[in-house]
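Visitor: I would like to learn how to read a few features of a model. Could you take me through them one at a time?

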Amino acid sequence: MFNFEFQNPTRLVFGRQTISRLKDLVPSGSKVLLTYGGGSILKNGVHKQVREALQGFEIVEFGGIEPNPRYETLMKAVELARKEKIDFLLSVGGGSVLDGTKFLAAAIPFQGDEWEILKTTGGVVKSALPIGAVLTLPATGSESNGSAVISRNSTTEKLHFWSKLVYPAFSILDPETTFTLDARQTGNGIVDTFVHTVEQYVTVHQDSALQDRIAEGILSTLVEEGPTALSHPNDYAARANIMWCATQALYGLVGVGMPGDWASHGIGHELTAFYGLDHARTLAVLLPGVWRYQFERKLKILAQYGSRVWFLDGEDRWVASQAIDRTEAFFESVGVPTRLSSYGIDAKEAAAKIRARFEVRGAKQGEEGTLSPEDVEKIILSRA
Ligand code: NZQ
Ligand code: ZN
């Protein structure tokens, strides 16, 4: 295990009817910018609950933040917030609204070209407005981390930044708000959570006994509870367990002291940038390919994963290979197809575009940077 320091400053408020806690959590006297997406919160009553909880606060609203939040849209919110002299940001929605709001937090006080926040992966962020979140879609872990991923239409880029200054001060996680998620978003959330967990766990093995067990606990819970959330969308226990899994997957504990292999995310962001594919769908396509391509490197931990999560018994190579097949079948079973052809994407074209982009950027993937642009091209071709 590597040396590490761990701090997660986000206060998590979990459970039924917790939106009412907003009145105590938002600093009194704040002028609040309430950010939201395409309107799901207006239909399912979440917006009403938020407004009721915040009676007496001065609130300005900014809606229309799209999935894979766009820089062009967010810059309109930056302008509004500066004009209105906003001093607290409240994100109400899924990971896209929250990621967009993190960008606002950093961009509103920023002097200079705001895109530099992304180009420097957050390096230029020296101050940020405080953020609170009401999360309505368990998937990204954005509710208790300092990451955000922002897309820019004009350049077909999707870039990530991180700053300790944009962790939400608090996040409200009421599983009842997730009852209205359709099967596509529910399946996407399960897959995103699954992949966040394995990208920190199925790496070069690092004597990380406790982290492994935490990861295996999250994965087993997703396998057990995922089908129930899909077949019974109003099942509180299933929704609550999945919501807590999603938070825990990127809370920070799974990956401490370990190298992470974020290749599926790194390549997946390009598939979204070029083809608009849902984030989780890119991961369902890529992860089995990333694993098969690095089978020898990951053999030991894949065999452990197969034995502990899928209860496979046998010789290591067989267990490891079966574990990949089981993972793929699980993604399909929660309604997330695992091949590019299922989404009408031409693998050859995608592979060539992404290889070229990684060559220009000099980007290497994998926990030890062993995947060159040429390797990435081969992985994508294997997922036709
Ligand atoms: O926009 P509205 O109308 O709210 O509808 C949304 C959207 O259409 C809908 N939705 C959300 N909550 C709902 C609901 N519909 C019914 N009932 C509810 N309770 O779901 C759709 C998708 O929402 P979105 O926020 O885009 O999904 P998700 O939470 O999966 O976020 C995806 C974004 O997060 C980034 C992804 O790249 C992508 O841009 N990620 C952020 C990470 C982070 N900050 O750490 C890590 C992740 O790996 C990921 O990259
Ligand atoms: Zn993700």
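**Reading salt bridges and helix packing**

Guide: Lys 31 counts as buried, at 14% relative accessibility, where buried means under 20% relative accessible area, exposed over 50% and partly exposed in between (1.4 Å probe, protein chains only). This is a predicted model, in which local features need pLDDT of at least 70 and side-chain atom pairs count only at pLDDT 80 or more, whereas totals for chains, interfaces and linings use all residues. Residues are numbered from 1 along each chain as its sequence is written, chains are lettered from A and ligands numbered from 1 in the order in which they are written, and side-chain values use heavy atoms, with hydrogens and water left out.

Visitor: With which side chain does Lys 31 meet in a salt bridge?

Guide: A salt bridge is a side-chain nitrogen of Lys or Arg within 4 Å of a carboxyl oxygen of Asp or Glu. Here the partner of Lys 31 is Glu 58, at 3.6 Å from N to O; Glu 58 lies in strand S3 and Lys 31 in strand S2, so the pair ties together parts that are 27 residues apart in sequence. Strands (E, at least two residues) and helices (H or I, at least four) are DSSP runs, numbered from the N terminus.

Visitor: How are two packed helices described?

Guide: They are described by the angle between their axes and the distance between the axes. Helices H7 (residues 183–201) and H11 (residues 279–293) pack at about 40°, their axes 8 Å apart; axes are lines fitted to C-alpha atoms, for helices over the stretch in contact, and angles run from 0 to 180 degrees between N-to-C directions.
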